Amino acid sequence: MIAERTRVSGEWLDLREPADVAARDAELVESLRRHLSSTDCLVIHDLGCGTGSMGRWLAPLLPGPQNWVLHDRDEDLLDAAAAEHPGPAADGASVSVETRASDIALLQADELADATIITASALLDLLTRDELDGLIDVCMKAACPVLLSLSVVGRVDLVPADPVDSRVAAAFDLHQRRMTERGRLLGPDAVAAAVEGFRQRGAKVLLRPTPWRLGAAEADLAAEWFTGWIGAACEQSLELASETVSYARRRLAEARAGELAVTVGHADLLVLR
Ligand SMILES: C[S@@+](CC[C@H](N)C(=O)[O-])C[C@H]1O[C@@H](n2cnc3c(N)ncnc32)[C@H](O)[C@@H]1O
């Protein structure tokens, strides 16, 4: 069993926020807007909010007053999210924020009973199958649209290519599917599991590819992403770690110099009733 890395750093989330904004699917938001029932105030529960990137992107795309309820188990990230307030709304209406320190895996239906939208971003791969099933159940009971953004799908493409890339990618995916005290994480299988789970319960699911496309302008992010990618792969396979020392050094230098084009596959899901 490989210990779960429990904390996501705010610096990493800040670094990736512009690439996340560029990748998120705005057409799904149009579909979401068409499915909102008229209400005085939207109540949007963002699960695993981190520093609140989803709210900063989505709140200005939605009309009317909004109350964002930001959930995370990391109280430092919740404080950062509360400090970087989203909004105003598309029509200038006010946006308020409240934070809740909570474990998404233990959420109960009554905690989401007032939701008019549920969102999560870059969260699903961190869940086990049982946790995802529980989350799907509470979302279905809330009976509102659910927007699940930027879930990794296990596709990575580096240009120029190197024969070692595919070995690192395979080890990284195994690391994403690692066994933890909570069970095996879904990693790149999370999107297919979520689509299947919602459809089995009678929901309509719209699926869009939302890859990161990192070039020279995103060299800092590409380098930081590469460091995490190779690090996880080497944690998974000590043999790979000993064989990729010069590969890792060379590829990181390329990434830092803006000479490595990186595509990281993600998908956005919109769940409608
Ligand atoms: C990759 S970050 C994404 C953060 C944010 N949604 C974004 O898109 O920038 C995953 C977030 O989910 C939180 N998280 C992971 N598992 C969680 C759980 N079981 N309960 C609550 N928060 C969780 C982490 O603390 C982290 O803030």
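Tutor: Ala, Val, Leu, Ile, Met, Phe, Trp, Tyr, Cys and Pro count as nonpolar, Asp, Glu, Lys and Arg as charged, and the others, Gly among them, as polar. The model discussed here is predicted.

Student: What makes up the shell around the ligand, by class?

Tutor: Sorted by that definition, the shell holds nine nonpolar, five polar and five charged residues. The ligand is surrounded by 19 residues, and Gly-48, Asp-72, Asp-103, Ile-104 and Ser-121 are the closest.

Student: Why is Arg-56 called buried?

Tutor: Buried means under 20% relative accessible area. The value for Arg-56 is 18%, so Arg-56 is buried. Arg-56 sits in helix α3 (residues 53-58).

Student: What makes the pair of Arg-56 and Glu-17 a polar contact?

Tutor: Their side chains come to 2.9 Å, and the limit is 3.5 Å, so the distance qualifies. Beyond four places in sequence, Arg-56 touches Glu-17, Thr-51, Glu-84, His-85 and Pro-86.

Student: Why does Asp-25 count as buried?

Tutor: Its relative accessibility is 14%, and the cut-off is under 20%, so Asp-25 is buried. Asp-25 is in the loop between α1 (10-23) and α2 (26-34). A polar atom of the Asp-25 side chain lies 2.9 Å from the backbone nitrogen of Glu-27. Setting aside residues up to four places away in sequence, Asp-25 touches Trp-57, Arg-208, Thr-210 and Asp-268.

Student: Which residues touch the most other members of the largest nonpolar core?

Tutor: They are Leu-47, Ile-118, Leu-124, Leu-132, Leu-135 and Phe-198, out of 33 residues in this core. The elements giving two or more residues to it are β4 (117-121), α5 (129-142), β5 (146-159), α7 (190-200) and β10 (261-272). Helix α5 gives the largest share, seven residues. A second, separate core has 28 residues, including Ala-171, Trp-212, Ala-223 and Ala-255.

Notes:
Residues are numbered from 1 along each chain as its sequence is written. This is a predicted model: local features need pLDDT of at least 70, side-chain atom pairs count only at pLDDT 80 or more; totals for chains, interfaces and linings use all residues. Side-chain values use heavy atoms; hydrogens and water are left out. Helices (H or I, at least four residues) and strands (E, at least two) are DSSP runs, numbered from the N terminus. Buried means under 20% relative accessible area, exposed over 50%, partly exposed in between (1.4 Å probe, protein chains only). A polar contact is a pair of N or O atoms within 3.5 Å; within protein, one must be able to donate a hydrogen and the other to accept it, and residues adjacent in sequence count only if both atoms are side-chain atoms. Contact means heavy atoms within 4.5 Å. A residue is near a molecule or strand if one of its heavy atoms lies within 4 Å of it. A nonpolar core is a set of buried Ala, Val, Leu, Ile, Met, Phe, Trp, Tyr and Cys residues joined through side-chain atoms within 4.5 Å.
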